[in-house]
Amino acid sequence: MNIGNVGCTSRTAASSELMVRGAHPTQLLKSVGCALRTMMAGGKHIINGAQCVYARHLGAPYAVLCMILFLTGCEQRPQVYQQQVLALGTLVDISIYGVNEEKAAKAVTAVTNKMEAIHHDWHAWQPSKLTYINQQLAAGNSVSLNPKQQQLIQTGIELARQSDDLFNPAAGRLIALWGFHSDERPDAAPPANSKIQALVKADVRMSKLFLQDQQLSSPNPAVMIDVGGYAKGYAVDQAIDELRRLGINNAIINAGGDLRAIGDKGGLPWRIGIRHPRQTGVIASLETHGDESVFTSGDYERYFEFHGQRFHHIIDPRSGRPAQGTSSVTIIHRDASRADAAATAVFIAGTDLWRETARAMGIDEVMLIDTAGTIYMTEAMSRRVHIEIDNQINTIVVP
Amino acid sequence: MTLADKIVVALALLLLPFLYIEFWGNSSQGEAVQIRSANSEDITLPLDQDKRLQIKGALGSSTIEIKNRQVRFIDSPCQGKQCITSGWLHKDGQLAACLPNGVTVQIIGRDQRFDAVNF
């Protein structure tokens, strides 16, 4: 998804606002275990404020009934602070566990400000540091970068190289040509083939940029850097660093459907649903462990329609056109920037090259759903995801 | 086992299907709708009471309709109108947003199977 995507949208997302989560089956099982332990001790037990008193001589039936009636648990449910903010041109859901409401609210403000600053610095079409850099590169000038800016560009160069330029942040002109450098792309004709081919022939690559002594320049004036393919991941990484700096170690930052989760909810893992690319609802779910990012690129995120044909925003730099054959790609990796870029690269790689591309980018956990609905995933991913729909799905698992 | 014991066991067994459906059942039907706007307080309304309301946003007024346990945008002062074309929402967690106007509509309910949804 492009970082500058500001528009009306329809999505499925976790509910937000400060709330107490409903009981999770795992919790309920724990509650049963707790009640059983108490029963075996033959004493009395306080469950949800109600006294459940019984003596051993009353026998198992009463114990079973007691346990079932008060199945709602003897341990406190996790208190998750949730807030939804508008940042990065999308809706960002922030979930925090294990700190008081005041601290959580302050953290939300801090990370929102951080993400907004990144958004403004790296906006692809509104006046920003990035548009200034692109003006200078187009004019054949070099431009000086501060260490953070240098780090982001260097990361883009490395990710592009590993993906064999399927992920190509230098190809901003193609994205602009297709009309995705605007808040809302109208349903109008796609660009002329001659213009597309001219940009493909310009052969822009991140690896051809010169970045030395904090000076960036390009011998190719057709380069227009667009960090939309990994800046959301970068912003999420920075936001997680900020949370940790503030002493928060259990949280999810979900930026318009792409997220990084750290820690857990008092011993219970964070549970993530993965949206079905062609229906409402969730196609699969997984639990995060420790510190993981889950990023998905889908052809349903940004698109326009013309004469009944849909044109999505993930442009294959080889053809200059929307990548064909893939509906969505989900990546799990610790680093959100890498997961973000890999989701785009693997989407473009398609069913022929998805595994090699993921491997070259250091990604083990990948799921690709093609336009026919077949699921391709790595063995490592197959051990993580649980398919949530009843219909028979053709699934191909590869090492 | 006395007669009373048997009655208690029977009652407990009868409760099991109810508890299974209540806690493990795949109920994703939403129960309420939450409307947020940058310009006003959040509003939470029951999904079973039909209503049409105007929400003030950054650009103007968005019109939202709740009908037959569903909710939708029927008007909004944005350019693309994707919030309107997204149509009726009825399942827990579904969300439609008009980002230019800063208005979001989300179905909320008891189905808290996921802490976040990835898309």
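Predicted model: local features only at pLDDT ≥ 70, side-chain atom pairs only at ≥ 80, totals over all residues.

User: Which exposed residues does the face of α3(A) turned away from its buried side carry?
Analyst: That face carries Glu102(A) and Thr109(A). Residues are numbered from 1 along each chain as its sequence is written, while chains are lettered from A and ligands numbered from 1 in the order in which they are written.

User: OK, and which residues are buried in α3(A)?
Analyst: Ala104(A), Ala107(A), Val108(A), Val111(A), Met115(A), Ile118(A) and His119(A). Seen down the axis, the buried residues of α3(A) fall within an arc of 105°, so they line one face of the helix. The arc is that of the directions from the helix axis to the C-beta atoms.

User: What do the buried residues of α3(A) pack against?
Analyst: They pack against β5, β6, α8 and β10 of chain A. Contact here means C-beta atoms, placed from the backbone, within 7 Å. Helices (H or I, at least four residues) and strands (E, at least two) are DSSP runs, numbered from the N terminus.

User: Switching topic: what's the strand order in the sheet with β8(B)?
Analyst: The order is β22(A)-β13(A)-β12(A)-β8(B), an open sheet with mixed pairing. β22 of chain A and β8 of chain B stand at the edges, each with a single partner strand, so one side of each is left without a neighbour in the sheet. Two strands pair if DSSP finds at least two bridges between them.

User: How many bridges join β12 of chain A to β8(B)?
Analyst: 3 bridges, and the two strands run parallel. As one of the partners, Ile272(A) has Ala116(B).

User: What about Asp213(A), buried or exposed?
Analyst: Asp213(A) is exposed, with 7 other C-beta atoms within 10 Å. Asp213(A) lies in the loop between β8 and β9 of chain A, and has a positive phi of about 50° although it is not a glycine.

User: And where is Asp164(A) found?
Analyst: In the loop between α5 and α6 of chain A. Asp164(A) has a positive phi of about 60°, and it is not a glycine either. Asp164(A) is partly exposed, with 15 other C-beta atoms within 10 Å.

Notes: Buried ≥ 20, exposed ≤ 12 C-beta atoms within 10 Å, placed from the backbone. Contact = placed C-beta atoms within 7 Å.
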